[in-house]
Amino acid sequence: MPTLLITGANRGIGLEFVKRYAAEGWQVIACCRDPQAATALQAVPGKVTIERLEVTDYAAVDTLAAGYADTAIDLLLNNAGIYGNRDGALSISDFDTYLKVLQVNSVAPMKMALALLPALKKARAAKIATISSRMGSIGAGAGGSYVYRASKAAINAAMHNLALDLKPAGITCIVLHPGWVKTDMGGQGADITVETSVSGLKQVIDGAALKDTGKFFNYDGSEIPW
Ligand SMILES: NC(=O)c1ccc[n+]([C@@H]2O[C@H](COP(=O)([O-])OP(=O)(O)OC[C@H]3O[C@@H](n4cnc5c(N)ncnc54)[C@H](OP(=O)(O)O)[C@@H]3O)[C@@H](O)[C@H]2O)c1
């Protein structure tokens with residue numbers, strides 16, 4: 001069966017992805033910061049291996065990747081993310097947080113992709129799917145939320161270019177907007193449940209092929225402007 005490696009697997013959208021792929025018999029390498037506290041993740045039935053990973057610990061990312069260098073990883077799902085401060089227009093309250101958000105949302109997914117390339121190249125038609133946000137679309141910008149928007153725009157740009165560079169290797173690289181989802185990040189007033197979001201995202205990811213590489217998809221399969 002194929003293998004998925006996912007970050008931020010202990011709650012929210014990430015946990016739902018683990019449940020879905022494990023239910024289909026995939027081998028799931030589920031990364032989270034605190035495996036002992038990840039009781040919901042521990043309870044997921046199937047072939048789930050839990051790995052401790054703080055995604056901004058780049059040495060730890062290298063160690064994890066070295067451990068799986070001989071494993072064919074079919075799907076890397078960069079899911080871990082943070083919002084930072086909920087600043088409005090004309091305000092950034094904390095520039096240290098700005099850097100942290102960039103590290104988690106923009107730098108870490110690229111570090112994951114590059115570190116795991118040997119394992120991805122071992123799979124027949126590997127995919128890198130990164131959970132971004134419509135808020136990172138420059139074309140669909142609406143002002144405010146500068147930090148989160150900038151972090152997602154940065155990963156969009158990096159993944160778009162990674163897609164071009166990995167196309168000759170047959171690796172499909174896409175970025176996805178999950179909708180406004182009822183999670184700790186999205187809040188309970190959000191539009192859709194994690195189940196609805198992940199059903200859509202999974203359909204897009206599973207159906208994606210090399211012809212789709214470098215695209216930015218909504219969870220319903222429509223394309224979002226960069
Ligand atoms: N919910 C929405 O409406 C929405 C909309 C657009 C995009 N997104 C994106 O969807 C993705 C998942 O979000 P969510 O709604 O499921 O959020 P969530 O419920 O807040 O979960 C975030 C996940 O990321 C992990 N994480 C955060 N910082 C990390 C770090 N430094 N190292 C490792 N793991 C880290 C968290 O782990 P801990 O439990 O250890 O903190 C948690 O597992 C994010 O990339 C987010 O930006 C969400």
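Trainee: Let's start with β5. Which of its residues point one way, and which the other way?
Mentor: K127, A129 and I131 point one way from β5, while I128 and T130 point the other way. All of them are buried. Keep in mind that this is a predicted model.

Trainee: How many of the residues in β5 are buried, then?
Mentor: Five of its five, so the strand counts as mostly covered, given that buried means under 20% relative accessible area.

Trainee: OK, what does β5 pair with?
Mentor: On one hand there's β4, joined to β5 by four bridges, with the two running parallel. L77 has A129 in β5 as its bridge partner. β5, residues 127–131, also pairs with β6, residues 172–177, in the parallel sense over five bridges.

Trainee: Zooming out, what's the strand order in the open sheet?
Mentor: There are seven strands, ordered β3-β2-β1-β4-β5-β6-β7, and the pairing is parallel.

Trainee: Why is one side of β3 and of β7 left without a neighbour in the sheet?
Mentor: Because β3 (48–52) and β7 (216–218) stand at the edges, each with a single partner strand. As for how the strands sit against each other, neighbours in this sheet are turned by 20° on average, ignoring direction.

Trainee: Which strands does helix α4 touch?
Mentor: α4, residues 95–115, packs on the sheet and touches β1 (3–6), β4 (75–78) and β5. The direction of α4 makes about 165° with that of β4.

Trainee: Switching topic: what about D184, buried or exposed?
Mentor: D184 is exposed, with a relative accessible area of 62%. You'll find D184 in the loop between β6 and α7 (194–207).

Trainee: What does its side chain make a polar contact with?
Mentor: The side chain of R11, at 2.8 Å from that of D184. Also, D184 and G14 are 170 residues apart along the chain, yet their C-alpha atoms are separated by 12 Å.

Trainee: Last one, the aromatics. How many pairs are there?
Mentor: The count comes to five aromatic pairs. F17, Y21 and W26 form one aromatic cluster.

Trainee: And which charged residue lies over the face of Y21?
Mentor: K202, at 4.6 Å from the ring centre. Elsewhere, R86 lies over the face of Y83, at 4.0 Å from the centre of that ring.

Technical notes: Residues are numbered from 1 along each chain as its sequence is written. This is a predicted model: local features need pLDDT of at least 70, side-chain atom pairs count only at pLDDT 80 or more; totals for chains, interfaces and linings use all residues. Side-chain values use heavy atoms; hydrogens and water are left out. Two strands pair if DSSP finds at least two bridges between them. Axes are lines fitted to C-alpha atoms, for helices over the stretch in contact, and angles run from 0 to 180 degrees between N-to-C directions. Contact means heavy atoms within 4.5 Å. Rings of Phe, Tyr and Trp (its six-membered ring) pair if their centres lie within 6.5 Å; planes under 30 degrees apart count as stacked, over 60 as edge-to-face and the rest as tilted. A charge sits over a ring if NZ of Lys or CZ of Arg is within 6 Å of the ring centre and within 35 degrees of the ring normal. Buried means under 20% relative accessible area, exposed over 50%, partly exposed in between (1.4 Å probe, protein chains only). A polar contact is a pair of N or O atoms within 3.5 Å; within protein, one must be able to donate a hydrogen and the other to accept it, and residues adjacent in sequence count only if both atoms are side-chain atoms.
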